[in-house]
Amino acid sequence: MINLKIFSMIPTNSSYYYGPQGEAPLSRTGYVFLAIVMALFTGPAILLNSTVIIVTLMHKKLRQPLNYALVNMAVADLGTAMTGGVLSVINNAEGSFSLGRTGCVMEGFAVSLFGITSLCTVALIALERMFVVCKPLGQISFQKKHAVGGITLSWFWSLTWNLPPLFGWGRYELEGVGTSCAPDWHNTDPHNVSYILAYFAVCFAVPFAIIVASYAKLMWTVLEEAAEMKVASMVVLMVLTFLISWMPYASLAMFVVSNPDVKINPLVGTVPVYLAKSSTVYNPIIYIYLNKQFRKYAVPFLLCGREPWVDEEESEAVTVVEAARVSPS
């Protein structure tokens, strides 16, 4: 039976977000600024992730096992943008969380579900690339059943660890400046702390370890075989993006859990939240630009049919031909 206490309309830690006289943690201007910043991330995230999904549905050539994980990430990132992103823009524009206790729980659950699924998918992509390039198990190809299995596991894993707060183990609560919700990192009750520690271990530490181990092996193989540095740069870019987006959030959460008496400024607590949510726009940019298949179809879709790379190639070809004509025999 679901714990009915989670549907109380009164935030249990509202004093954390408001001063002794009931003042808000930010000025009206501050909230509007946060709304604008979040809108600048959310708008492109919705557009780019929707593009990945749409062009995949439009073109059968993209429906390949190696691209399934990328599409799954686009679905998860779109879900994060549509729930956490859009609601953050609205709530910051209003200057408070206006959806009540039930809305807080539902938003916290949805954003966490999509966010952890995206993280698990990054780990799946890391494993896929490591197996394809390094071949630790020999000539085993990444097939449809492997992709579907990995995608199913990512959603099941995320759902398994985000459901407990709905049944009393852990809870979803306001975070940062009080305009979005997430697992409650601040509650010092042992029952809640045990959930947060388990959640951190299996939903962040495990995917992080898989990503680091897979990319370390991939980098070692690439450097050993003296492959193009462009490949190595792509790997470094994806790892750095992951670290920039998620490490501050996870680090702050663990710092608060291990130091329950520490007082974190609400604005300081908000920055890592927004960095984590910003990954929804970095991910599609990276794999649209670095994946030739998606780039071939996604860029013309976004530019209403124009293909800048084709134009450049044609221009270079014309230049070469003209140079050949005028060059002496």
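This is a predicted model: local features need pLDDT of at least 70, side-chain atom pairs count only at pLDDT 80 or more; totals for chains, interfaces and linings use all residues.
**Notebook: a look at the helices**

Residues are numbered from 1 along each chain as its sequence is written, and side-chain values use heavy atoms, with hydrogens and water left out.

Confidence is highest in α4, at 94, and lowest in helix α9 (residues 308-326), at a mean of 48. Helices here are DSSP runs (H or I, at least four residues; strands are E, at least two), numbered from the N terminus.

**What the record says**

I looked up UniProt next. The unreviewed entry has the annotation "transmembrane region" on residues 31-57, 69-89, 109-127, 147-164, 196-219, 231-251 and 271-290. Its positions are in the numbering used here, feature names are shortened, and annotations may be inferred rather than shown by experiment.

I compared two of those with the model. Residues 147-164 are 89% helix and 0% strand, with end C-alpha atoms 27 Å apart. Residues 271-290 are 100% helix and 0% strand, and their end C-alpha atoms are 28 Å apart.

**α2 with α4**

How do α2 (residues 65-94) and α4 (residues 144-162) meet? Their axes come within 8 Å and cross at roughly 20 degrees. (Axes are lines fitted to C-alpha atoms, for helices over the stretch in contact; angles run from 0 to 180 degrees between N-to-C directions.) That makes α2 roughly parallel to α4; the cut-offs are under 35 degrees for roughly parallel, over 145 for roughly antiparallel, 65 to 115 for roughly perpendicular, and oblique for the rest.

The contact includes Tyr-68 and Asn-72 of α2, and Ile-151 and Trp-155 of α4. I noted nine nonpolar, two polar and one charged residue in it. For the classes, Ala, Val, Leu, Ile, Met, Phe, Trp, Tyr, Cys and Pro count as nonpolar, Asp, Glu, Lys and Arg as charged, and the others, Gly among them, as polar.

**α3 with α4**

I found α3 (residues 100-134) packing on α4 at about 145 degrees, axes 8 Å apart. Among the contact residues are Phe-109 and Cys-120 of α3 and Gly-150 and Trp-157 of α4. By class there are eleven nonpolar, seven polar and no charged residues.

**α2 with α7**

Last, I checked α2 against α7 (residues 266-290): the axes come within 9 Å and cross at roughly 140 degrees. The two are therefore oblique to each other. Asp-77 of α2 and Lys-277 of α7 are among the residues making the contact, which has seven nonpolar, seven polar and two charged residues.

Key: Contact means heavy atoms within 4.5 Å. pLDDT is the predictor's confidence in each residue, from 0 to 100.
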